[in-house]
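User: Please go through some local features of this structure with me. I will ask about one item at a time.

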Amino acid sequence: VKPNQYNLARRGVTPAFVEEVETVTDIDSRLVTKYHGYPDVRAYYGDLSAAGRGDAAGREKLNNAAVPLLEVHAVDDPIAPYEACLASAVGDTENVALLATQH
């Protein structure tokens, strides 16, 4: 945090704010989204995920992958549901491969 303290403070992330963090979602919603200018954690997760939010826009995002993309996802991931990776849509893309593991 020290090297980025100025940038964090400019975006409203103070040491007290950081100390209130208790979960991974807190880190993303309270720190990462603010630091990178996302309006909320849903927008951040949607942008970061290869398949967006697992909806029609996510399907379009997969279809538009311009370079080879390996999507790695655990079927039993407790944070990101497997359904969000759009496994059924991967076969319809030109540049996306899915590696799905059990754990």
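This is a predicted model: local features need pLDDT of at least 70, side-chain atom pairs count only at pLDDT 80 or more; totals for chains, interfaces and linings use all residues.

Analyst: Residues are numbered from 1 along each chain as its sequence is written, and side-chain values use heavy atoms, with hydrogens and water left out.

User: Are α3 and α4 roughly parallel or roughly perpendicular to each other?

Analyst: The axes of helix α3 (residues 24–36) and helix α4 (residues 41–48) cross at roughly 95° and come within 9 Å. Axes are lines fitted to C-alpha atoms over the stretch in contact, with angles from 0 to 180 degrees between N-to-C directions; helices (H or I, at least four residues) and strands (E, at least two) are DSSP runs numbered from the N terminus. Angles under 35 degrees count as roughly parallel, over 145 as roughly antiparallel, 65 to 115 as roughly perpendicular and the rest as oblique. The pair is therefore roughly perpendicular.

User: Is H73 buried or exposed?

Analyst: H73 lies in strand β1 (residues 69–74). Buried means under 20% relative accessible area, exposed over 50%, and partly exposed in between (1.4 Å probe, protein chains only). H73 has 11% relative accessibility, so H73 is buried.

User: Which residues is L98 in contact with, leaving aside its neighbours within four places in sequence?

Analyst: L98 sits in strand β2 (residues 96–101). Contact means heavy atoms within 4.5 Å. With those neighbours within four places in sequence left aside, the contacts of L98 are E71, H73, Y82, C85, A87 and V90.
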